[in-house]
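Open the model in your viewer and keep the sequence panel beside it. The stops below are meant to be selected one after another.

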Amino acid sequence: MTTVWRKTMFIDKINIVNYKNIKDANLCLSPKINCLIGHNGEGKTNFLDAVYYLSFCRSAYSTLDSHVIRHGEEFFMLEGNYISENGEQENVFCGMKRGTKKHFKRNKKEYKKLSQHIGLIPLIFVSPSDTILIEGGSEERRRLMDVVISQYDSTYIEALSNYNKALLQRNAMLKAEEEPDTELIGILEEQMAEYGEMVFSKREVFIKELIPLFQKFYRTISQEKESVSLNYISHCHRGPLLDVIRKDRLKDRAVGYSLHGIHRDDLEMLIDEYPVKREGSQGQNKTFVIALKLAQFDFLKQTCSKTSPILLLDDVFDKLDATRVEQIVRIVASDDFGQIFITDTNRTHLDRILQGNVSDYKIFSVCGGNIEEREDKDA
């Protein structure tokens, strides 16, 4: 992928009310590095999740919006004021009362569809839970692809949504006691094939372009101690998807669900040509995931409206040796990155970042959901 001009967008101010354990936070932020320090369980990750919500219209952790409302409260509210490098401003607002639907607005105008917002403020979130990409099922690795591609290609969300609707209807017919209507199930299979091949082609291109970026970051962090790769696995590789789906319709009927399609796609993750899930140490697994997320960052930087994503780094230094920490610090502190949020339980790692030529940064203390800027940067 060739290097292209890019712009930056950062959160200038954020207002958080009743979001998880954060009762009220109204903060002015640095356009470069923002460090949040506090013990585990105090609210650092909840703050990052609020920033994530403003980009994706949902929490990174809670499937139900009502679950993010602070205990004992009736509503939550998030508001972010964003500024681009040329001074353009964007206001993003989200609010919801218990028992009602949420309202999501851009510059005080409510969205008709939330999917219209995805990609406006690209973002990459690196957290300890990302090891589920290695340890979890294939749905986690498909979600990785979906989250990135949907930020730069609006047609991808539509195709994936249409595929999933057809899949759900076909599965319902397969589970039913009565025999499925041959004509109707055939139409659903045609829809699955049409939209599934669209999704497949976009995933295939994405992974092909992601691999060299991923390998570059891994080599840098590991000091070239191991080699890594990704292998995209899909039933679409077997031939026309419609033929693949229809071939096993009787078997699908017997089990009650669709055995073939892009809903079964996977990413094989390899270290030194072996599955990282089986061969990787804790440090190698964490390096693998961080390199993968940094590669997503680099990819989005060059595709998503040519906008440099916001980068969230949640407790990324745990279980890594000093050399790998040093390399990660060197990467994210460079001019290649825009606004960054970093959490940690102590200042040792964060000070290492700030010791360079980083002049524009802020440090925040987080305790019991209260977030306050620290003036004593050198303390």
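**Stop 1**

Select Leu-29, which is buried at a relative accessible area of 4% (buried means under 20% relative accessible area, exposed over 50%, partly exposed in between, with a 1.4 Å probe and protein chains only). The model is a predicted one, in which local features need pLDDT of at least 70 and side-chain atom pairs count only at pLDDT 80 or more, while totals for chains, interfaces and linings use all residues. Residues are numbered from 1 along each chain as its sequence is written, and side-chain values use heavy atoms, with hydrogens and water left out.

Leu-29 sits in the loop between strand E2 (22–28) and strand E3 (33–37); helices (H or I, at least four residues) and strands (E, at least two) are DSSP runs, numbered from the N terminus. Setting aside residues up to four places away in sequence, Leu-29 touches Ile-11, Asp-12, Ile-14, Asn-34, Phe-47, Gln-339, Phe-341, Lys-362 and Phe-364 (contact means heavy atoms within 4.5 Å).

From that list, take Gln-339 next, in the loop between helix H10 (322–332) and strand E14 (340–344). Gln-339 is buried too, with a relative accessible area of 2%. A polar atom of the Gln-339 side chain lies 2.7 Å from the backbone oxygen of Ser-30. Beyond four places in sequence, the contacts of Gln-339 include Phe-10, Pro-31, Lys-32, Pro-309, Ile-310 and Leu-311.

**Stop 1: the end of H1**

Select Ser-55 in helix H1. Its relative accessible area is 2%, so Ser-55 counts as buried. The Ser-55 side chain reaches the backbone oxygen of Ile-121 at 2.7 Å. Leaving out residues up to four places away in sequence, Ser-55 touches His-117, Ile-118, Ile-121 and Leu-123.

Move on to Cys-57, in the loop between H1 and strand E4 (75–84). Cys-57 is not a glycine, yet its phi is positive, about 65 degrees. Cys-57 is buried at 3% relative accessibility.

For another positive phi, go to Asp-272, where the value is near 50 degrees. Asp-272 belongs to the loop between strand E10 (266–271) and strand E11 (274–275), and at 38% relative accessibility it is partly exposed.

**Stop 2: along H5**

Start at Asp-181, which caps the N-terminal end of H5 with a side-chain oxygen 3.1 Å from the backbone nitrogen of Glu-183. Follow helix H5 (residues 182–222) to Leu-210, where there is a kink of about 30 degrees shortly before the proline Pro-212; the bend at a residue is the angle between axes fitted to the seven residues ending there and the seven starting there. After H5 comes Gln-223, with a positive phi near 60 degrees.

Go back to Ile-207, also in H5. Is Ile-207 buried or exposed? It is buried, at 3% relative accessibility. Apart from residues up to four places away in sequence, Ile-207 touches Met-145, Tyr-232 and Leu-267.

**Stop 4**

On a 1 Å grid over the protein atoms alone, a pocket is an open set of points with protein on both sides within 12 Å along at least five of seven lines, a cavity is a set where a 1.4 Å probe fits but cannot get out, and lining residues have an atom within 4 Å of a point.

Which helix gives the most to the pocket lining? H3 does, with 10 residues.

Finish with the largest cavity, of about 50 Å³. Its lining includes Val-126, Pro-128, Lys-286, Ile-290 and Asp-315, and H9 gives the most to that lining, with three residues.

Notes:
A polar contact is a pair of N or O atoms within 3.5 Å; within protein, one must be able to donate a hydrogen and the other to accept it, and residues adjacent in sequence count only if both atoms are side-chain atoms. Grid points are joined across faces, edges and corners, and a volume is the space filled by probe spheres set on the points.
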